[in-house]
Amino acid sequence: MDTQNKWVYSNKAKEHFINPKNILEDESVYQFDGKGTVGNIKCGDEMMVFIKVDRKKNIITDCKWKTYGCASAIASTSIMSEMVKGMPVDRAYRLSPKDITKELGGLPEHKIHCSVLGDKALRAAINDYYKRNGMLDKIEKEKARLVCQCMNVTDHEIEQAVLDGARTFYELQEKTKLGTVCGQCKDEAARLLDQFVKKHFDK
Amino acid sequence: MAEKQIYMDHNATTPIHPEVKKVMIEAMEVFGNPSSLHWFGQQAKARVEEARERIASFIGAQAEEVVFTGSGSEANNTVLSMLTCPSGQCLYNNRGRTNIITTAIEHPCVLETSKCIQDKGTNVTFLEVDRYGKIKIEQLKRALNDKVGLVSVMLANNEIGTIQDIKAIAKIVHKAGALLHTDAVQAIGKIPVDVKELEVDFLTLSGHKIYGPKGIGAIYVEKGSPFCPLIRGGHQERGRRAGTENTLGIIGLAKAVQMRDKEMVDESKKLLKLKQALRKGIEGKIDGLYFNGHPTDSIYSTLNVSFEGVEGEAILLYLDLEGIAVSTGSACASGSLDPSHVLIATGIPVERAHGSIRFSLGRENTLEDVKYVIEKLPKIIKRLRDMSTAYAGKK
């Protein structure tokens, strides 16, 4: 191991952090076809993604972004903005955090949370593009399903808790308080926990 | 590695003092077990006891009041766990006082231990702090009653440097019949600490924050105080901490303490000037910033500042690429997803905690270093603000 030149994230992440690609510094002069914002600075990160689309070919021709976020958020969105250029909109719509972190040469587990904002904002931007162009049928609503009736916890919140570090049922309960009243949802929640851990963290 | 390497993270850990290094290299030869009766053991024992005396005298204690531990965290765990020891063999007489009072801004080793014993049924009060990080004395007075056995308040805070008035706190705590522990890891070797003057019953210190080795800490235990070991199974440290003594670490710690005694006063004047220069330099070149911690009752080497519209981990890593080592209260650097509990306890908005950077200066820092930081930092903040969603329209 080269201990002299060890950096906290991968070399690819370092490159993109040092020279982030496609940052949009001035929104007012950029003609975009779709814009999406996700996150919140109170949670420590916020992301905006802008896309230009070739309507005839249904291909993303340009992608720009800005963020209030950490190094992994910067690096992962930078690499994502490169990946989606020239990509069919439908395919970009299905881009997952795993695709991005793979391209980035991996991220530590606790930083996966920071890399999901980019693709979420991208989907929001594509949804915005669909809306502007009357393609409402294309929008896949990320409908949340209620899992715990008592504490009002959805499958989306369970997925978020997993991204935020929950791996055991106890940790999931700590974060969401699900299943702490009647307990009926416990089996379902445990199944979802397993599913989301596999989805995001299986190598 | 960057061309220049400037270390400004001394509250995290410090480099070994050259004099400490010298003594420790020599002390590597001292391998005997201090418990052994032969020459090898007795030689090691003599070195350990000599070190104990030196450390004790540095804090105004007697030698037998110093118990060596494996770290400051172990020392804090030991003190916090004593009160609620479930063992029937335990010699700690808690006089029916099993409740604990501590503060919201303690080091995680105090907070987590407190929460753990709270989960087991102990009543624990976490005192709030004001915007500068000072505990509210009135709240302490209200929380004290005849069930409270121990109060634990840190002397100086590791993140914002705020110093508590331990002497005044001790008077209040003792009047209510409880014992007082102070975690002095960040204060020892920076400001004068005398246990008799502070009137504390327990005090924690650590080696690696004062240019000594890692893996060595100590607890001061006032002579008359009850005690219960955390690590059992040996007569070492008068039965108060089992395990063969870390002779090398103990000798290193004593030398570190000796060097602090020698250098502390002059160094404090130098570092205060550097901190003021750093503060002034940053203030002059960057807008939208806030300094965290107490303006005067604060460790002279700690400067904690929040930058509007930017996230701390990104600042930290851009600074690192320029060879400047600092730390941040941002969630993204913590491994959890929660920002600094200390900054949050002072009541600042969450985003300001996410955007905070801590500079902690040390004996090797120079005015050149400070100038270098003042030259590099504004560019980094501007760069991050240019890409920030939270700093639009303020260019």
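**Entry 1: ground rules**

I number residues from 1 along each chain as its sequence is written, and chains are lettered from A and ligands numbered from 1 in the order in which they are written. Because the model is predicted, local features need pLDDT of at least 70 and side-chain atom pairs count only at pLDDT 80 or more, while totals for chains, interfaces and linings use all residues; side-chain values use heavy atoms, with hydrogens and water left out.

**Entry 2: a helix in chain A**

I began with helix H2 of chain A, residues 71–83. Helices (H or I, at least four residues) and strands (E, at least two) are DSSP runs, numbered from the N terminus. H2(A) has 13 residues and reaches 18 Å from its first C-alpha to its last, close to the 18 Å expected at 1.5 Å a residue. That expected span is 1.5 Å times one less than the number of residues.

How many residues of H2(A) are buried? I found 11 of its 13, so I noted the helix as mostly covered. Buried means under 20% relative accessible area, exposed over 50%, and partly exposed in between (1.4 Å probe, protein chains only). Among the buried residues are Ala71(A), Ile74(A), Ile79(A) and Met80(A).

**Entry 3: where the chains meet**

Next I looked at the contact between the chains, with contact meaning heavy atoms within 4.5 Å. The area buried between chain A and chain B is about 2400 Å², and carbon and sulfur atoms give 60% of it. Buried area is the accessible area (1.4 Å probe) that two parts lose on being put together, summed over both. Phe17(A), Lys42(A) and Tyr68(A) supply 25% of the area that chain A buries against chain B, more than any other three residues.

I then searched this interface for pairs. The rule finds one salt bridge across it, where a salt bridge is a side-chain nitrogen of Lys or Arg within 4 Å of a carboxyl oxygen of Asp or Glu. Glu313(B) forms a salt bridge with Lys111(A), and the closest N and O atoms are 3.2 Å apart.

**Entry 4: salt bridges in chain B**

Over all chains, the search of the whole structure finds 34 salt bridges. In one of them, Glu237(B) pairs with Arg52(B), the closest N and O atoms being 2.7 Å apart. Glu237(B) lies in helix H8 of chain B and Arg52(B) in helix H2 of chain B, so the pair ties together parts that are 185 residues apart in sequence. Glu237(B) counts as buried at 7% relative accessibility, and Arg52(B) counts as buried at 7% too.

Glu64(B) and Lys223(B) also meet in a salt bridge (3.5 Å, N to O). I put Glu64(B) down as partly exposed at 27% relative accessibility and Lys223(B) as exposed at 52%.

Glu138(B) and Lys141(B) form a salt bridge as well (3.6 Å, N to O). Both lie in helix H5 of chain B, three residues apart, about one turn of the helix. An α-helix has 3.6 residues a turn, so residues three or four places apart point the same way.

Is Thr204(B) buried or exposed? Thr204(B) is buried, with a relative accessible area of 0%, and I found this residue in strand S7 of chain B. Its side chain makes a polar contact with the side chain of His181(B) (2.8 Å).

Last, I checked Arg241(B), in the loop between H8 and helix H9 of chain B. Arg241(B) counts as buried at 18% relative accessibility. The side chain of Arg241(B) makes a polar contact with the side chain of Glu74(B) (2.7 Å). Leaving out residues up to four places away in sequence, Arg241(B) touches several residues, including Val67(B), Phe68(B) and Ile231(B).

Terms used:
A polar contact is a pair of N or O atoms within 3.5 Å; within protein, one must be able to donate a hydrogen and the other to accept it, and residues adjacent in sequence count only if both atoms are side-chain atoms.
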